[in-house]
Amino acid sequence: MPEGPSIVILREEAAGFVGQRILTAEGNAKIDMTRLPGKRIESLRSFGKQTLIELPDVTIRIHLLMFGSYRINERKDAAPRLSLGFDNGELNFYTCSVRLLDGDLDELYDWRGDVMSDAWDPALARRRLRAMPDTLVCDALLDQNVFAGVGNIIKNEVLYRIRVHPLSTVGALPPRKLGELVKQAREYSFEFLAWKKAYVLRKHWLVHNRKCCPRHDIPLTRAYLGKTNRRTFFCEKCQKRYGGM
């Protein structure tokens, strides 16, 4: 699943369409396509894993889900979920969720919860975490109401960085560790962005998709954990378990 930094890259790559008028809108998404042609794109925004294409009277919300993708000025050999045509090119989305949103985006979204946003509020994240003390940290990091944009790669790497076992509970974390969790969720996301732009992201993974702990050179544990049941890589020796069963 594309994580927040990848959606920021999408937004930046598609920025040339801002101000352009949509000439054609087609695809197999179950939306009212007739609302789109003739409208100019006023802005491209992102919130967590969502791409938001803002038009004068409606916003196109794209979520790439687990296996979604996009192409700019080219097409895949597959039917697009949504294809937008412009004078200067086209924007195509595949295997994704497409919705139309009515209303002011600043009323629909709390930008303080997006780890990539200038409005990110770490104090708000800490308050939201304290309100879910029995939640496993591996689930908390993937909670888009707390850390919009954080996905499974960021989850695994952040927990390894701060030496916290994924089956720890949020309420059992010492205040210092809770602060590290919030701080690293944002910091790692921006490092992820820089590495992905430089095509070196995988080289920087410490535990995600790895076999051995780089600190102790022992096998990592790999398991599907938490209510989210997402693939998790961790070291039983250097990641301390706080609370939990």
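This is a predicted model: local features need pLDDT of at least 70, side-chain atom pairs count only at pLDDT 80 or more; totals for chains, interfaces and linings use all residues.
Close-up A. The crossing of helix 3 and helix 6 is right-handed. On the helix 3 side, look for Pro-122, Ala-125, Arg-126, Leu-129 and Arg-130; on the helix 6 side, the partners are Leu-178, Leu-181 and Val-182. Sorted by class, this contact of helix 3 with helix 6 has 6 nonpolar residues, no polar ones and 2 charged ones.

**Close-up B. Helix 5 meets helix 6.** Helix 5 covers residues 152-161, and its axis comes within 9 Å of the helix 6 axis, with a crossing of roughly 125°. That angle makes helix 5 oblique to helix 6. Here the crossing is right-handed. From helix 5, the contact draws on Ile-153, Ile-154, Glu-157, Val-158, Leu-159 and Arg-161. Facing them in helix 6 are Leu-181, Gln-184, Ala-185, Tyr-188, Ser-189, Glu-191, Phe-192 and Trp-195. The residues in the contact of helix 5 with helix 6 split into 9 nonpolar, 2 polar and 3 charged.

**Close-up C. Helix 1 packs against helix 6.** Zoom in on residues 4-13 for helix 1 and residues 175-197 for helix 6: the axes are 8 Å apart and the packing angle is about 55°. Helix 1 and helix 6 are therefore oblique to each other, and their crossing is right-handed. Helix 1 brings Pro-5, Ser-6, Val-8, Ile-9 and Glu-12 to the contact, while helix 6 supplies Ser-189, Phe-192, Leu-193, Lys-196 and Lys-197. By class, the contact of helix 1 with helix 6 counts 5 nonpolar, 2 polar and 3 charged residues.

**Close-up D. Phe-47 and Tyr-109 form a tilted aromatic pair.** The structure holds 6 aromatic pairs, and this view picks out one of them. The rings of Phe-47 and Tyr-109 are 4.9 Å apart centre to centre, with 50° between their planes. Phe-47 belongs to strand 2 (residues 43-47), whereas Tyr-109 is in the loop between helix 2 (105-108) and helix 3 (122-130), so the pair ties together parts that are 62 residues apart in sequence.

**Close-up E. An annotated span, residues 2-101.** UniProt, in an unreviewed entry, lists this stretch as "domain: Formamidopyrimidine-DNA glycosylase catalytic". In the model, the C-alpha atoms at the ends of residues 2-101 lie 21 Å apart. The span is 10% helix and 38% strand.

Technical notes:
Residues are numbered from 1 along each chain as its sequence is written. Side-chain values use heavy atoms; hydrogens and water are left out. UniProt positions are given in the numbering used here, feature names are shortened, and annotations may be inferred rather than shown by experiment. Helices (H or I, at least four residues) and strands (E, at least two) are DSSP runs, numbered from the N terminus. Axes are lines fitted to C-alpha atoms, for helices over the stretch in contact, and angles run from 0 to 180 degrees between N-to-C directions. Angles under 35 degrees count as roughly parallel, over 145 as roughly antiparallel, 65 to 115 as roughly perpendicular and the rest as oblique. A crossing is left-handed if the near helix is turned anticlockwise from the far one by less than a right angle, and right-handed if clockwise. Contact means heavy atoms within 4.5 Å. Ala, Val, Leu, Ile, Met, Phe, Trp, Tyr, Cys and Pro count as nonpolar, Asp, Glu, Lys and Arg as charged, and the others, Gly among them, as polar. Rings of Phe, Tyr and Trp (its six-membered ring) pair if their centres lie within 6.5 Å; planes under 30 degrees apart count as stacked, over 60 as edge-to-face and the rest as tilted.
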